[in-house]
Amino acid sequence: MSQPLDLAAVRSFENLEFLARQLVEGFITGLHQSPYHGFSVEFSEHRLYNPGESTRHIDWKVFARTDKLFVKRYEEETNLRCHLLLDVSPSMYYPAPGHDKLRFAVLCAAALTTLLQKQRDAVGLVTFADQVELQTPVRSTTSHRHTLLLTLQQLLERPAAPRRATDVSGVIHQIAQQIPKRSLVILFSDMLGRNPEEQTASLAALQHLRHQQHEVLLFHIMDRATESEFAFAERPYLFEDVETGEQIKLQPAQVREQYRAAMQQYEQELALRCGQYRIDFVPVDIREPFDKVLYAYLVKRGKVR
């Protein structure tokens, strides 16, 4: 079984490109020893069978080995265009330097970039907070992958961003208008807004991507122990909003029950709306192994035609 990543140790790797390659190779090797044996061998030339389509192109030899239905890909099906959207707003630097959500997201993005290039798929990167900070071309070359990984490496090394708001909805609407061809859009974000209206707007923006015929995969990145369960020790804390600087002093027990209920309601609403919009929603805890991110991508890629 995969072990959780030591996010603090990631910084000791001066070469993120090398680390990403090692993680991808380890993940693919692990698939051979998992219930998904065969996926790692076949996913470059096959895709998962979608119920209702013709069975004439099912690879029955693969079915005999894996007990899963795969369809042979033709040359025009094999290349994918993927846009990685990375939230770099102040809340992504939580909970602490070296153990933050952004570090986890950067490593996952680096591994996906490596996996995409291994598949000869085209990939581009967008970083954003209150506006788009960086938007790269979408290419499949080795030199482009190297450039993206250098960019991600720089994100690991920069200090936390100054206080500013997050505008997930505005950025997603902008990207939806700019992407010219049907693509796979992968979003790494905690999806936290200052109020329910902002969160609702973010969900509407995701629907905009689907309206433009893009496939969407949302990785909802959280430090689940503190952000969902509010598992703080019973002592006074001074909580500070990293985007506004607003502070409040309290004992966790004073608000834990109400906080958990509010977070549970929001997460359920997020999952429900994504289901309605046919968006793949994957909750991710930074304290757990990251393999589910790569596997979710492989499953999604199998659906993209």
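What follows is a conversation about a predicted model, its sheet, its helices and its core. Residues are numbered from 1 along each chain as its sequence is written, local features need pLDDT of at least 70, side-chain atom pairs count only at pLDDT 80 or more, and totals for chains, interfaces and linings use all residues. Side-chain values use heavy atoms, with hydrogens and water left out.

Colleague: In what order do the six strands of the open sheet stand?

Modeller: Strands here are DSSP runs of E with at least two residues, helices are runs of H or I with at least four, and both are numbered from the N terminus. Two strands pair if DSSP finds at least two bridges between them. The pairing in this open sheet is mixed, and the order is β5-β4-β3-β6-β7-β10.

Colleague: Which strands stand at the edges of that sheet?

Modeller: Each edge strand has a single partner strand, so one side of each is left without a neighbour in the sheet. The edge strands are β5 (132-135) and β10 (280-285).

Colleague: At what angle do the axes of α6 and helix α7 (residues 142-157) cross?

Modeller: Axes are lines fitted to C-alpha atoms, for helices over the stretch in contact, and angles run from 0 to 180 degrees between N-to-C directions. Angles under 35 degrees count as roughly parallel, over 145 as roughly antiparallel, 65 to 115 as roughly perpendicular and the rest as oblique, and α6 and α7 are therefore roughly antiparallel to each other. Their axes come within 10 Å and cross at roughly 175°.

Colleague: Which residues have the most contacts inside the largest nonpolar core?

Modeller: A nonpolar core is a set of buried Ala, Val, Leu, Ile, Met, Phe, Trp, Tyr and Cys residues joined through side-chain atoms within 4.5 Å, where buried means under 20% relative accessible area, exposed over 50% and partly exposed in between, with a 1.4 Å probe and protein chains only. The largest one has 47 residues, and its largest share, 12 residues, comes from helix α6 (residues 101-118). Those with the most contacts inside this core are L86, L152, I186, F188 and F219.

Colleague: Which residue in β9 is the bridge partner of F239?

Modeller: Strand β8 (residues 237-240) and strand β9 (residues 247-250) pair in the antiparallel sense over four bridges. They form a hairpin with six residues between them, and G245 in the turn has a positive phi of about 85°. The bridge partner of F239 in β9 is I248.
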